[in-house]
Amino acid sequence: MLRYEIVIYWSHEDQAFIAEVPELPGCAADGATYQEVLENVEIIMQEWIETAQELGRSIPEPKGRLLLA
């Protein structure tokens with residue numbers, strides 16, 4: 001189980017839910033429902049990590065909830 005923060009919001013422009021993972025740059029997914037976007041972003045997070053490993057890039061440790069000032 002991946003423990004990164006996921007931000008999910010509705011995009012009127014895309015008419016879909018969007019999920020972003022702030023700790024994994026560029027890691028985002030979309031879906032027609034909340035459940036679908038959550039399933040999709042979990043797949044994309046795993047693929048992001050696998051790709052980073054293949055390229056020899058560092059993988060950030062999950063920090064949990066991010067605090068915004």
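Modeller: Let's start with Val41, which is buried, because its relative accessible area is 0% (buried means under 20% relative accessible area, exposed over 50%, partly exposed in between, with a 1.4 Å probe and protein chains only). Before going on, bear in mind that this is a predicted model: local features need pLDDT of at least 70, side-chain atom pairs count only at pLDDT 80 or more, and totals for chains, interfaces and linings use all residues. Residues are numbered from 1 along each chain as its sequence is written, and side-chain values use heavy atoms, with hydrogens and water left out.

Val41 sits in helix α1, residues 34–54. Helices (H or I, at least four residues) and strands (E, at least two) are DSSP runs, numbered from the N terminus. Setting aside neighbours within four places in sequence, Val41 is in contact with Ile6, Ala19, Val21 and Ala29, where contact means heavy atoms within 4.5 Å. Ile18 is 23 residues from Val41 in sequence, and their C-alpha atoms are 8.9 Å apart in space.

Strand β2 (residues 16–20) pairs with β1 in the antiparallel sense over 5 bridges; two strands pair if DSSP finds at least two bridges between them. The hairpin of β1 and β2 has 4 residues between the strands, and Gln15 there takes a positive phi near 55°. On the other pairing of β2, strand β3 (residues 28–31) is antiparallel to β2 over 4 bridges, with Gly31 in β3 as the bridge partner of Phe17.

Leaving out neighbours within four places in sequence, Ser11 is in contact with Ala16 and Ile18. Ser11 is buried too, because its relative accessible area is 10%. Its side chain makes a polar contact with the side chain of Asp14 at 3.1 Å (a pair of N or O atoms within 3.5 Å; within protein, one must be able to donate a hydrogen and the other to accept it, and residues adjacent in sequence count only if both atoms are side-chain atoms).

Now step back to the whole chain: there are 1 helix and 3 strands, and the pattern along the sequence is β-β-β-α. Of the 69 residues, 23% count as buried, and Val41 is a buried one. The C-alpha trace spans about 35 × 30 × 20 Å along its principal axes.
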